[in-house]
Amino acid sequence: MMFATTPKSVIELDLMKRLKSYFDGNASWKETVLSDEEKIKCGYLYTALEKLISISFLPILNRTNSQEMKFFTMHDENHGLKVAHLMWNLIAPSRRQMLTPPEIALMTASAFFHDLGMALSENDRAARLDSNSDLWDRLSPQEQNNMEILRQNIGDINLSETDRRIAQEKLLVAEEALLCLDTRERHGLTERYTELINELQRLHLLNEASLPDIKTSLTFDGVSFLNKLIDICVSHNQPASVLVEHEEHNPGVLRFSEMYPVGCANVDLQLVAAALRLADIMDFDRERTPAVLFHYLLPETLSILESRSVFEWSKHLAISNWEVGDYCTVYRGHCSSHIVHHGIIQFCSDIQSEILFTRQTFESMHRPWPFALPDKVEAKLVENGYSYAPYNFQLDQNRIYQLLMGKGIYSKPIVAIRELIQNAVDACLLQDSYMELHDKYYKRGNAGKIIIRYEEGTKDHPLPRLTVLDKGVGMDKYVLEKWFLNVGSSYYSSNEFNAHRTQLRKHNIDFAPVSEFGIGFLSTFLLSERVEVETAMWDSPRGDHVKRNLQIDGPTRLIRYLETKNEGHGRFKGTRITMVLSKGNQVNENLPPRWDQIKDYLEEVCLQLPYRLEVEYIRSDGRVTNEHIDPISMKVILPYFLEEQSIRINVDDQTSGLKGQIAIFNPRLAEKLQKQILQGKPEILVKNREEEFYHNLGDGQKSIMIRAGFKIGQAIGLPGTLDGPAARAILSLPWESMKTLRYPIPNLSRESVNEDKYFKEQVIRIWLSYIIENSEQFDKNFIKQLIIKDNTTPFSDGFIKSYWLEKYNAFEMYSFSKIILCEEKFATEDMIEKWEQRIGDPLPFKQGLVTDYVCYFIIRLILPHICEVLVGEENTKLLPPAQDWKRILKNNKQFITKPKRWGLFAAFENEINDYFYYKVAFSSSYFNTNYRERLEGFTEEDITELYKMIENIDFAIKYGRKIDLSKFQETLLSRANKLIGDLACGSKKDGKWRIGDLLR
């Protein structure tokens, strides 16, 4: 069956014709003839509906959307007409004759209203792209930083016009893509539909004579069905399972009732909602590209220009016609792109899945299928210029499972227990959120929700068993099939969960799940060859409370499945997972882990869970030990002799969201105190205690980073000195302050987070800010020796831009870091004081020797703003500072964003004035400023290239390596030699050489 051509206007739609026939008295939805009063009511509805769609809906639909949006889908008048046309044709003819006036009105209105939120006015666009809009909350801190860099590049006058234009184009594409994503997700929300209704109502009140009232227009026999229109439109963006959901605030009532009364007629809301979702997805032709094709047409690897070329998708896509047969719906056409061809096939598969899922909702309610629509969907395309074969790389399923369960991801098998507990925590949090949403008096407790049971082997069951039982939300058949058995698919990353969170936040309830990847359950096979799952849902929206048991003997084997009744007050609710332990012992992996190993691991990893862990140990003789694991204190544990010597920083950081504590101590003093304690003790005890001391002083298990209550690794970014670690910390990663409102994404093994550089910077900022602002609490030499513990500093190029330091002025930074200038053999405090007063000789400055020190990097940021350097035979010296150097520094809070550096040229002392290039000890090197004017005709780029070349040559000569010069380098050296003369390069310590010697 091929459908007739889509009508060109609202009144030509078959749905509207049917409604008009009621008004004319030519038809009836009942078995009896309509009364005159009923005809008049149908006439009012027909007139109001036509005006509402033609005058109010269509102008909005035809607005210009996001620039990205318009390239891949059409949400305009034509789409509305097609959806309404398809609704009529997809419904079985016998059911069409029984369509009631409000059913017709809901179908027709929803065809145009469901995508009304996709249309954006200029004001809408401007509001969403405004810097204060929540649109930007979608971006991670890194993504926001990338966008900010593009904005800065656009306004950077130092960049070329081409680079600024490229930055502007990239920013535009990024903004439009983000707006596109935002619009697609927001358009189907209740809030967006409410915005539109309020706007239409506002416009009506401004011009009542011309613009219809949406509230009265969507009324039949005095009863409004506007709220049902909104709910039906919201459902089209949700899974088909919503068709059998119960109302949120009235669990005993179906959300989409079969017999919803509207005046003198009833509405089959399930039918209307199903008709909308099916017609919407089946509107697929050359004028409308589905989102799945957008995915195939815009792979991430394409450049901007390549991406723009595939926007011409209509050159490739040509669905000529389609028809609905008795057994299959077929889309036919021509195609000249293998990518588009594959996308069409994938989309046909999506349509088929949607039909099947929708049919299942009717079957679950024991209702007949009301659509003249077969289950199967396929594409038959003529290939132009290629032969279609769905070739791509295939994954070896067994090998993938081995990788997911092996040491390539997890460092030790026992982590499987953590994965199960994480799932249990999420299930309990989700159930608690449901209870809080529906019962304002509900108080969540933390005890008795999660139980860990270890049973030793017995005669009947030789292998030990570990059970993780949670009284969380549980799983019904739909959840089991869609997520639990679908490896790599997580409910907590689904649209369904996101919709639930949206509802939670409306009621000031929220939580962030621990789960991310949907692969954690596979880790159970690191410890077990058999895993048993028992589960049932507390309150399934599909009314499915059956208890299900799964016996799983490995990830690739057929699962034994059993369903049992689960009724009454004491019915099972939640999930119980039992592993028959057969391997994974920490000493011998071929043996099962012991209880003491498991308990130690639980205490090490489960640190700040929202629920108490109830642990049961059942010995082989039947004796039972019951214990529990409560959240630990967020206080750093230190050796007792360091308690009075340490400074504790309580962390509740508003910027990063980090919470916890950092304890700072002087490792040199700690070592001294340890030796005093051990003085006079036996040598073997001293040796053992010293080893224990150094182990305990370092991070090890003592400095902890926590994510969602679980230890995820060591705290990062902590201070140290060359003597060892200078801090210990316990820090909890946030979710509330993250733009995604999720915990930072971990690596697959959950031993670190992907954004560890960001959090490292935040940790550095927290403790370093404290030390800067409370420097009087710390020994000066300790401050002088501070380094970042992992030998990376927050100021090194290409690592972290510490813009936060600019909350202090440059004078404050100088005052804090000038201790680094003080060296016993070079510069004393008295010499520094005289230098500051511009009295006496230049101040010796050891460049390069202390590059790991925090103070060194800070002082290098500050000094070039107030003084120049003088190159001496053994060291570099600082010439007297500017006359008003204090004022200069106090007025400077842009020493990082607008850095100033010493140039390549510097003044040389008399004894080395015959050098053109001099390498001072500890890596600093300069050109002699006396010869700068001789380099006539050299550009800045030439001079920089010359400097790099001479520096490399000097290094090669020092270490006896071969020197290879390109023609360009020889020419540059020759030019320099002619202009400056055959001057010396190198240093008196490592040897002198001349440029002319290389050219001979």
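User: Okay, exposed means over 50% relative accessible area, and buried means under 20%. What's the relative accessible area of Asn-508?

Analyst: Asn-508 comes out at 77%, so it counts as exposed. Keep in mind that this is a predicted model.

User: Got it. Where is Asn-508 found?

Analyst: Asn-508 is in the loop that runs between α19 (495-506) and β10 (528-536). Its phi is positive, about 60 degrees, even though Asn-508 is not a glycine.

User: Is His-366 buried or exposed?

Analyst: Exposed, because its relative accessibility is 75%.

User: And Leu-373, which loop is that in?

Analyst: Leu-373 is also in the loop between α15 and β7. Leu-373 is buried, though, because its relative accessible area is 4%.

User: Which residues is Leu-373 in contact with, leaving aside neighbours within four places in sequence?

Analyst: Leu-90, Leu-278, Met-282, Val-324, Thr-329, Ile-355 and Arg-359. Take Ile-355: Leu-373 and Ile-355 are 18 residues apart in sequence, and their C-alpha atoms are 8.2 Å apart.

User: Let's talk helices. At what angle do α12 and α15 cross?

Analyst: Roughly 170 degrees, and the axes of α12 (residues 269-282) and α15 come within 10 Å. An angle over 145 counts as roughly antiparallel, so that's how α12 and α15 run relative to each other.

User: Which residues make that contact?

Analyst: From α12, they include Leu-271, Ala-274, Leu-278, Ile-281 and Met-282. On the α15 side, Phe-347, Ile-351, Ile-355 and Phe-362 are among them. By class, the contact has 9 nonpolar, 3 polar and 3 charged residues.

User: Switching to charges: how many salt bridges are there?

Analyst: The count comes to 56. One of them joins the side chains of Lys-20 and Asp-24, at 3.1 Å from N to O.

User: Where do Lys-20 and Asp-24 lie?

Analyst: Both lie in helix α1 (residues 14-24), 4 residues apart, which is about one turn of the helix. Lys-20 is partly exposed at 33%, and Asp-24 is partly exposed at 37%.

User: What does Arg-164 form a salt bridge with?

Analyst: With Glu-161, where the closest N and O atoms are 2.7 Å apart. That pair lies in helix α8 (residues 161-186), 3 residues apart, again about one turn of the helix. Glu-161 is partly exposed, with a relative accessible area of 48%.

User: And how far apart are the closest N and O atoms of Arg-612 and Asp-630?

Analyst: They're 2.8 Å apart, in a salt bridge. Arg-612 sits in the loop between α20 (595-605) and β14 (613-618), and Asp-630 in the loop between β15 (624-629) and β16 (647-652), so the pair ties together parts that are 18 residues apart in sequence. Arg-612 is partly exposed at 24%, and so is Asp-630 at 30%.

User: Last one: which residues do salt bridges with shared partners join into one network?

Analyst: That network is made up of Asp-432, Glu-436, Arg-444 and Lys-449.

Notes. Residues numbered from 1 in each chain as written. Predicted model: local features only at pLDDT ≥ 70, side-chain atom pairs only at ≥ 80, totals over all residues. Heavy atoms only, no water. Helix = DSSP H or I, 4+ residues; strand = E, 2+ residues; numbered from the N terminus. Buried < 20%, exposed > 50% of the residue type's maximum accessible area, 1.4 Å probe, protein only. Salt bridge = Lys/Arg side-chain N within 4 Å of Asp/Glu carboxyl O. Contact = heavy atoms within 4.5 Å. Axes fitted to C-alpha atoms, helices over the stretch in contact; angles between N-to-C directions. Parallel < 35°, antiparallel > 145°, perpendicular 65-115°, else oblique. Nonpolar A, V, L, I, M, F, W, Y, C, P; charged D, E, K, R; others polar.
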